[in-house]
Amino acid sequence: MPTLNQPSTVKTLHSIQRTRDRHWVGDGFPVRTLLAYNGLGQTISPFLLLDHAGPANFPPTTARRGVGEHPHRGFETVTIVYDGEVEHRDSAGGGGIIGPGDVQWMTAAAGLVHEEFHGPNFAKNGGLFEMVQLWVNLPAKDKMAEPRYQGITSGQIPVVELPEGQGSLRVIAGEFQHAQGPAQTFTSINMWDLRLTGGKQVNLELPEGHTTILVVLKGSVRVGGSEPIAEAEIGICDRAGTFLTLDGLQDTTALLLSGAPIDEPIVGHGPFAMNTTEEIYQAMADYQSGKMGALTPQ
Ligand code: MN
């Protein structure tokens, strides 16, 4: 295993992304959009967008809170629940309810429509809600693949204890040391859910050339001695290098994303992300003519 006496292999922090803007997605998800290809473009490839919903408290209700039927084409949506419960249903037959620690990895690819609501038990009882939704781009050759749904429960996600009380790491996708994440991906991606102990330093090995992004959800962390990255802030690292040095200033919850960049044009509009404008017009026409399917009435 390489060690830190090879300074040229350390990944350095490229920028910190911050936003104070919150908006509602439907009536269930008060989100901050922390990453968006609209602006950052290829810098964050293969990732397109990341919304952080909450943390927010919801009172009990008998209403369905969330966002009704809408389409997607050309990418995947990955939902990670930290608190609360999310229910999903799509026109390709995928669906499920996920709770804290669980993940939905939905491949829209050629297109589907879906709905996303608070789960019924959470809605009935109310409480704290927090989740992340990440959009993962697909390469041109897979944009029109069959839709797919992976419901990944917390119990399926391996947990690696870091040495010397540094914290722990859940491998959702990709690998860490000998642990393999359960998510199937189209391109090379690591998604690690980190719990870092305040006052400890952690060194993580990552692939050379991968886009590398640290999403801080709680606490505060320095990347290679950078200024602190605080709650609801994102550190984007340089692709060069194979080591990331994280100093947790407090106990920290963070999501580490790494992925092989997809070096293709990105043309997006609303819920569609394709390679050309013509493909966007085609996506709109296909949605409007019902080719992305419909949800069966409940
Ligand atoms: Mn959606």
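**A buried alanine and its surroundings in a predicted model**

Ala109 has a relative accessibility of 0%, so this residue counts as buried.

Strand 9 itself covers residues 103-107 and contains Trp105. Because its relative accessibility is 0%, Trp105 is also classed as buried. In space, the C-alpha atoms of Trp105 and Arg148 are 8.3 Å apart, while 43 residues separate the two in sequence.

With a relative accessible area of 1%, against a cut-off of under 20% for burial, Ala232 is buried.

The backbone also holds cis peptide bonds. One of them links Ser45 to Pro46, with omega about 15 degrees; Pro46 is located in the loop between helix 1 (37-40) and strand 4 (47-58). Another cis bond runs from Gly54 to Pro55, where omega is near 0 degrees, and Pro55 is part of strand 4.

Stepping back to the whole protein, the model contains 3 helices and 26 strands. Its C-alpha trace spans about 60 × 45 × 35 Å along the principal axes. The radius of gyration is 19 Å, which agrees with the value near 19 Å for a compact globule because the chain has 298 residues. Of these 298 residues, 55% are buried. Among contacts between residues at least 6 apart in sequence, 72% bring together residues at least 24 apart.

The accessible surface amounts to about 12,300 Å², and carbon and sulfur atoms account for 51% of that area. As for charge, the protein carries 20 positive and 32 negative charges, and the mean positions of the two sets are 3 Å apart.

Two domain features come from an unreviewed UniProt entry. The record places "Pirin N-terminal" at residues 32-136; this stretch is 10% helix and 61% strand, with its end C-alpha atoms 17 Å apart. "Pirin C-terminal" is placed by UniProt at residues 191-293. That span is 12% helix and 49% strand, and 30 Å separates its end C-alpha atoms.

Notes
Residues are numbered from 1 along each chain as its sequence is written. This is a predicted model: local features need pLDDT of at least 70, side-chain atom pairs count only at pLDDT 80 or more; totals for chains, interfaces and linings use all residues. Side-chain values use heavy atoms; hydrogens and water are left out. Helices (H or I, at least four residues) and strands (E, at least two) are DSSP runs, numbered from the N terminus. The radius of gyration is taken over C-alpha atoms; the globule rule is 2.2 Å times the number of residues to the power 0.38. Buried means under 20% relative accessible area, exposed over 50%, partly exposed in between (1.4 Å probe, protein chains only). Contact means heavy atoms within 4.5 Å. Accessible areas come from the Shrake-Rupley method with a 1.4 Å probe; for residues, only the protein chains shown count as cover. Lys and Arg count as positive and Asp and Glu as negative; His and the chain ends are not counted. The place of a charge is taken as NZ of Lys, CZ of Arg, CG of Asp or CD of Glu. UniProt positions are given in the numbering used here, feature names are shortened, and annotations may be inferred rather than shown by experiment.
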